[in-house]
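This report describes a structure in plain terms. Please look at the sequence and the model below before reading on.

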There are 2 protein chains.
Amino acid sequence: MVSSAQAAAASSQPLLSSVAVSVQVHCNFQPFPTFSAIIFFKPSFEEAQAIEKEEMLMERPASLLREGEDLQWDNPSTSSMRARFETMIRKAQDDICAAVEDVDGIKFREDSWIRPGGGGGISRVLQDGNVWEKAGVNVSVVYGTMPPEAYRAATGGGSDNKPAANKAGRIPFFAAGISSVMHPKNPFAPTVHFNYRYFETDSPPDVAGAPKAWWFGGGTDLTPSYIFDEDVAHFHQVQKQACDKHDLAFYPKFKQWCDDYFLIKHRGERRGLGGIFFDDLNDRDGEKLLAFSTECANSVIPAYIPLIKKRKDMPFSPEHKDWQQLRRGRYVEFNLVYDRGTTFGLKTGGRIESILMSLPLTARWEYDHQPEAGTEEWKLLDACRNPKEWAPVS
Amino acid sequence: MVSSAQAAAASSQPLLSSVAVSVQVHCNFQPFPTFSAIIFFKPSFEEAQAIEKEEMLMERPASLLREGEDLQWDNPSTSSMRARFETMIRKAQDDICAAVEDVDGIKFREDSWIRPGGGGGISRVLQDGNVWEKAGVNVSVVYGTMPPEAYRAATGGGSDNKPAANKAGRIPFFAAGISSVMHPKNPFAPTVHFNYRYFETDSPPDVAGAPKAWWFGGGTDLTPSYIFDEDVAHFHQVQKQACDKHDLAFYPKFKQWCDDYFLIKHRGERRGLGGIFFDDLNDRDGEKLLAFSTECANSVIPAYIPLIKKRKDMPFSPEHKDWQQLRRGRYVEFNLVYDRGTTFGLKTGGRIESILMSLPLTARWEYDHQPEAGTEEWKLLDACRNPKEWAPVS
């Protein structure tokens with residue numbers, strides 16, 4: 001039983017880096033034709049201060065959901081979407097960490113926590129490994145409340161439920177996600193980031209017939225310091241295959257969305273070479289979108305691990321390493337200045353170490369560094385400025 | 001002659017890192033008793049896109065002011081505050097760079113630029129020197145326009161000029177500042193940051209009798225990785241002496257303001273060990289505040305250079321260097337997430353290389369790093385969490 005005070009205290013909790021609650025709006029200005037404005041619930045300073053402190057656990061819990069919401073093991077298919085999504089991301093965390101440990105030889109450290117009002121997380125971090133400088137894979141579950149305007153926007157903002165939702169006050173929501181960034185040591189081995197999330201509101205309790213809102217979001221993207229065309233093409237091809245099994249329109253749309261989202265606006269360049277990114281997805285049956293999210297999460301290993309195996313032992317010079325470090329600086333700029341989950345999480349009292357796990361172990365900023373035209377460094381920069389089609393739609 | 005289109009294009013231009021146009025408001029919540037809310041003119045995306053691109057120059061201009069506004073050399077004391085402030089910060093840039101070059105042995109590189117609608121800047125950067133990893137000293141002049149609400153807030157927001165100012169439309173403003181960050185190599189040698197700025201609006205052209213708004217802002221603060229009590233006390237003592245010559249109330253007030261401003265909220269710790277910080281200062285004659293700002297700028301060398309001379313050649317271990325790099329990571333977090341000048345500058349199209357000059361050459365993020373209680377690293381962290389009185393008021 002969760003008291004209303006607890007529920008209020010749980011409001012505005014962040015869900016890992018890169019997980020944010022958003023609704024899509026139409027914006028006409030360029031260059032963000034698919035820009036998805038975030039309803040960040042604008043927590044006031046007092047609310048942010050009121051967020052529950054996490055309680056660290058000695059070992060990971062069987063479920064991060066509130067009691068009674070977790071999976072019915074005797075009949076999983078009848079369980080709630082909340083439970084099935086948690087089950088999916090927990091399995092993805094296990095599988096991906098196992099694949100990474102297998103290549104690296106070093107084991108992840110694990111930290112688990114819960115919050116008194118429900119929800120919690122499991123962070124796994126591998127630092128200073130043989131292959132990876134820093135790799136983290138987090139799962140997290142958040143119970144919070146949102147203002148009625150955010151609920152209205154999420155459910156279409158129709159005038160029908162406007163006055164009613166205003167009366168209803170804050171709406172409880174649930175969010176769950178997996179989020180990961182892996183930075184290898186070798187400058188020829190690329191960084192990968194992925195994140196899959198599910199969001200659901202309650203029905204406003206005192207509005208007869210008002211619907212639940214829910215949606216899926218996520219993406220997987222690649223950030224190399226040097227381009228090997230065949231590696232980037234392989235990575236995009238795996239994303240495309242995963243998308244194509246579910247909808248031929250997905251890959252072109254989500255590839256573009258990814259190029260738009262990861263723009264470091266003040267540089268006019270992307271953080272990396274993209275992949276897929278989607279949000280607010282609720283245009284078809286939830287079962288189909290769970291299957292799609294599962295497919296995407298399962299595609300991380302085949303998309304990424306082969307590139308690491310090919311590049312992890314390539315010889316490199318101090319100059320190659322310096323360029324990697326400059327690109328890591330750009331990664332930091334994107335994550336701290338633009339990434340919605342990071343900036344939201346930092347401002348609302350999330351578990352800082354889990355949110356900032358996405359930052360590289362080391363980074364570098366040189367004044368006015370400009371790679372000479374035609375060099376390998378310039379080619380990378382050019383591809384970040386002018387996104388290419390890596391898996392052309394035939 | 002500047003057309004209205006040019007003036008509009010120059011709107012919302014940032015003035016270096018750490019320079020932002022602000023007005024003080026009363027906030028009752030802790031821990032920001034003197035929190036100064038910024039009227040950032042909320043530039044829309046379109047406006048930000050419209051900002052003029054800087055034009056690089058082959059050599060620095062005699063003045064960054066619009067023609068006719070620069071100093072009357074035959075009678076400086078009758079020149080405008082704009083001209084005298086530019087003269088002050090240009091001289092401070094020369095003096096401080098000369099003192100740094102004298103210790104380092106390496107010369108600053110200089111880049112100058114102007115914008116077609118007026119204003120410009122001079123960046124000086126010393127990278128990979130003998131003593132400093134990266135040191136930058138910028139001066140900058142901005143001509144922009146602000147929305148009438150910002151003007152009203154700046155001039156007290158009285159109801160008398162409210163309707164008139166609404167009619168008046170955007171108000172032209174002028175801002176000039178010097179901004180500097182210097183990161184030494186030796187982990188026992190501290191980083192310093194300082195910034196002094198002057199802001200002035202025009203009178204709304206179609207509002208009879210409406211006043212100009214103007215104010216001074218600035219500060220100098222120290223960020224060591226290791227504490228030497230006598231060094232920090234010396235640094236604060238010099239700030240206090242500069243303040244005390246002008247107003248005995250300044251140091252205690254501006255020391256507290258500095259501790260409040262440089263809080264990394266998500267960590268609950270300050271970036272460093274403070275110094276002084278003030279903004280919106282217009283409570284006495286402009287001449288007196290120009291004299292105070294000049295005193296502060298002239299105090300940078302005696303406050304900082306002696307500490308560098310003492311610490312630049314101290315032997316250190318790789319562990320000391322790692323801790324310095326972690327603290328540099330915190331510096332990056334503050335500057336990219338919270339610093340008003342940086343975040344504003346990045347979002348409104350300032351000269352990126354000058355804005356991000358404040359970032360260290362290299363930085364580090366370790367997952368969940370916790371110094372052992374009682375160690376030198378812990379002592380620094382403790383002083384960042386619990387600010388001390390380094391120059392007690394007797």
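## An exposed and a partly exposed partner

Asp283(A) counts as exposed, at 52% relative accessibility. Here exposed means over 50% relative accessible area, buried under 20%, and partly exposed in between, with a 1.4 Å probe and protein chains only. Arg284(A) is partly exposed, with a relative accessible area of 24%. Asp283(A) and Arg284(A) form a salt bridge, and their closest N and O atoms are 2.9 Å apart. A salt bridge is a side-chain nitrogen of Lys or Arg within 4 Å of a carboxyl oxygen of Asp or Glu.

## Basis of the model

This is a predicted model, in which local features need pLDDT of at least 70 and side-chain atom pairs count only at pLDDT 80 or more, while totals for chains, interfaces and linings use all residues. Residues are numbered from 1 along each chain as its sequence is written, chains are lettered from A and ligands numbered from 1 in the order in which they are written, and side-chain values use heavy atoms, leaving out hydrogens and water.

Arg328(A) pairs with Glu133(A) in a salt bridge, with the closest N and O atoms 3.2 Å apart. Arg328(A) lies in helix H10 and Glu133(A) in strand S4, so the bridge ties together parts 195 residues apart in sequence. Helices (H or I, at least four residues) and strands (E, at least two) are DSSP runs, numbered from the N terminus. Arg328(A) is buried at 4% relative accessible area, and Glu133(A) is buried at 5%.

Glu86(A) and Arg90(A) are both buried.
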